[in-house]
Amino acid sequence: MTAAPTVGQTVGPFFGYALPYPGDAELVPPGRAGTVCLTGRVLDGAGDPVPDALIEIWQPDEHGTIVQRFGSVRRDGWTFTGFGRCGTDNAGRYSFTTVPPGPTAPGRAPFFAVTVFARGLLDRLFTRAYLPGPDELLAADPLLASVPSARRSTLVARRDGDLLIFDVRLQGADETVFLEFGSGPG
């Protein structure tokens, strides 16, 4: 019996035409008060841009509430769903219009959950993009505290005015820390 390869077993580039949808990178309408632009580049092990990657973000709203509403793929222009998707351009750049996520619990550092799909990856990669903030707040975050201190900076976006810049390095020097999700105990 021969089975056809699944998306996770093929090497793109198919992300740019198979998965985008209108408004996918606009979690809130442009011009809404309090918005930020989460942007960055996806780079390979040699530091070259990955032009056919796809970035997804999941986030709470600005109050730290995890939104559980339908409509992520069909934007209505005002309902915040906490989900966005953006393909990279020829320079490996992506960009989202959103609100800064709030902390999901007192004393926790706010972050975007980030998923990366790219050529050559047999499965998606998971990471986080923490908002830049006080060192003591970042140091108190349980996930960040579990990462060797020399690698933590790969999980923290940097601020440039209204921009939050978070580059994803797939391997090599300053490789982004990626998270592994297991099936749990047993």
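Biologist: Which residues does L179 touch, not counting those up to four places away in sequence?

Modeller: L179 touches F126, T127, R128 and L143. Keep in mind that this is a predicted model.

Biologist: What makes each of those a contact?

Modeller: The cut-off does: heavy atoms must lie within 4.5 Å. F126, T127, R128 and L143 are in contact with L179 on that rule.

Biologist: How far apart are L179 and T127, in sequence and in space?

Modeller: They are 52 residues apart in sequence, yet their C-alpha atoms are 5.5 Å apart in space. L179 itself is found in the segment after strand 9.

Biologist: What share of the chain's contacts joins residues at least 24 apart?

Modeller: The share is 69%, counted among contacts between residues at least 6 apart in sequence.

Biologist: How many helices and strands does the protein chain have?

Modeller: There are three helices and nine strands. Along the sequence, the pattern reads α-β-β-β-β-β-β-α-α-β-β-β.

Biologist: Where is I55, and which residues is it in contact with beyond its neighbours within four places?

Modeller: I55 is in strand 2. Its contacts are V42, G84, R85, C86, Y94, F96, V114, T115, V116 and V168. Take C86: it is 31 residues from I55 along the chain, but the two C-alpha atoms are separated by 5.3 Å.

Biologist: Which residues have the most contacts inside the largest nonpolar core?

Modeller: I55 and F96 do, in a core of 27 residues. Strand 1, strand 2, strand 4 and strand 5 each supply at least two residues of this core. Another core, of eight residues, lies apart from it, and A109, L144, L155 and V177 are among its members.

Biologist: What tends to happen to nonpolar side chains in soluble globular proteins?

Modeller: They tend to be buried together. In this chain, 38% of the 186 residues count as buried.

Biologist: What does the side chain of T88 reach at 2.8 Å?

Modeller: The side chain of T88 reaches the backbone oxygen of V50. A polar atom of that side chain also lies 3.5 Å from the backbone nitrogen of D52. V50 and D52 are among the residues that T88 touches, and so are V42, P51, A53, R93 and Y94.

Biologist: What makes G107 fall in its accessibility class?

Modeller: Exposed means over 50%, and buried means under 20%. G107 is at 49%, between those limits, so G107 counts as partly exposed. G107 lies in the loop between strand 4 and strand 5.

Biologist: Which residues does G107 touch, not counting those up to four places away?

Modeller: G107 touches L137 and A140. G107 and D141 are 34 residues apart in sequence, with 7.7 Å between their C-alpha atoms.

Biologist: Why does D174 get its accessibility class?

Modeller: D174 is at 57%, which is over 50%, so D174 counts as exposed. D174 lies in the segment after strand 9.

Biologist: What is the phi of D174?

Modeller: Phi is near 60°, a positive value in a residue other than glycine.

Biologist: Which residues line the largest pocket?

Modeller: D174 is one of them. The pocket has a volume of about 230 Å³.

Biologist: How many lining residues are nonpolar, polar and charged?

Modeller: Four are nonpolar, three are polar and four are charged.

Terms used: Residues numbered from 1 in each chain as written. Predicted model: local features only at pLDDT ≥ 70, side-chain atom pairs only at ≥ 80, totals over all residues. Heavy atoms only, no water. 1 Å grid on protein atoms, 1.4 Å probe; cavity = no way out; pocket = protein on both sides within 12 Å on 5 of 7 lines; lining within 4 Å. Points joined across faces, edges and corners; volume = space filled by probe spheres on them. Nonpolar A, V, L, I, M, F, W, Y, C, P; charged D, E, K, R; others polar. Buried < 20%, exposed > 50% of the residue type's maximum accessible area, 1.4 Å probe, protein only. Polar contact = N/O pair within 3.5 Å; in protein donor to acceptor, adjacent residues only side chain to side chain. Core = buried A, V, L, I, M, F, W, Y, C linked by side-chain atoms within 4.5 Å.
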